[in-house]
Every structure is written in C-alpha cells, then in structure tokens.
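Me: I have a structure to study. Could we go through it in short questions and answers?

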Amino acid sequence: MIRFFDLFFSALGLLLGWPALLLIALIGMWDTGSPIFRQQRVGRFQKPFILLKFRTMRPGTASVATHLVSNSAVTPFGRFLRRTKLDELPQLWNVLKGEMSLVGPRPEDHDFVAHWPAEIRDMLLTVRPGITSPASVLYRDEENMLQAGNVVDQYLKSILPSKLRLDVLYV
C-alpha cells in the first residue's frame, strides 16, 4: 500500500510539476553550470544509491551533506531552493525508481551511517529512506543550528542523536 502511494504521488508530482522542474533546472544551469547534484547515500538494507537534488552550491564545492557546507558556498538561487525545499524535488525520481519513499528516515552519507549505533542502523535501514520525515521537519533549518568551526562534530554530537531517536519512533 505504501509503495502504491509512493508511486502514485511521485508520478503525479513529476507529471504535474515538470514545467517547474524544467524552469528550476534551466535557472540552475545558468546559476551553477549543472542543475542536478548527485551524491551516493545509504538506502534500504544498506544498499547504496545515487540521491538527486537540484544543485545549490557553487561549482567545485566539496561533495558533502548540504547542511554541513558553509553558506558562502551556496548561491543566492541555491538559498532560495534550500529555504523552500525545492532542491529536494528531483528525489521524486528516486521514489519512482523505488530507492526512496515519500516519507521515511532521510538517507545519509555512508560516513554518517558508520557513526550510528548498530541496533539503530539495523532498524532504520529496513525501510526505504524518505524525502521527508518527522526529524527532517523538526530540523528543517539544521544548517542554521550549526555554528562556525567543526560543524561535522557539532552535527554528530548535538543534532544526529535527536534525529535518530525521532526516526526510530517513526519506524
């Protein structure tokens, strides 16, 4: 039933949203030289997949989780896409392909999954990752919660444990 819901609404979103997706892609091509950002993430049953997003950062920026990147690397159009979450729209394709669900724990980079406690990792990776989740709604502006300095350590110590608790509750 969940898969049918995912297929129906991702296909509907892509079908009805293609003019907006095309416009964002064209502006993104002008803004960054490449409209789509691809990054490997960990999916269901620890199977890696390529997550799609609209590019929000300047060309040549290191490929890391977008919430851990300095705001100076984000273009003005990219800030708009992030604020409105429109940068996530290409993930409807990931949902259509069966790599993701509309709702589920957000997919993480392998380096972050390695920090998860084994029992949590085993539980969370039994479901498809989602475009949105209760944790991603609560931490909608997590990049603003991180201070300058070692944002990776801050994320691992202060934000990730809370997000994992929320994801476990969801699952």
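Me: Which side chain makes a polar contact with the side chain of glutamate 88?

Reply: This is a predicted model, where local features need pLDDT of at least 70, side-chain atom pairs count only at pLDDT 80 or more, and totals for chains, interfaces and linings use all residues. Residues are numbered from 1 along each chain as its sequence is written, and side-chain values use heavy atoms, with hydrogens and water left out. A polar contact is a pair of N or O atoms within 3.5 Å; within protein, one must be able to donate a hydrogen and the other to accept it, and residues adjacent in sequence count only if both atoms are side-chain atoms. At 3.2 Å, the partner of glutamate 88 is the side chain of arginine 106.

Me: Is glutamate 88 buried or exposed?

Reply: Glutamate 88 sits in the loop between α2 (76–84) and α3 (91–97). Helices (H or I, at least four residues) and strands (E, at least two) are DSSP runs, numbered from the N terminus. Buried means under 20% relative accessible area, exposed over 50%, and partly exposed in between (1.4 Å probe, protein chains only). Glutamate 88 has 13% relative accessibility, so it counts as buried.

Me: Is lysine 85 buried or partly exposed?

Reply: Lysine 85 lies in the loop between α2 and α3. Its phi is near 65°, a positive value in a residue other than glycine. Its relative accessibility is 30%, so lysine 85 counts as partly exposed.

Me: What is the relative accessible area of glutamine 46?

Reply: Glutamine 46 also has phi near 65°, a positive value in a residue other than glycine. Glutamine 46 lies in the loop between β1 (36–42) and β2 (48–54). It counts as partly exposed, because its relative accessible area is 45%.
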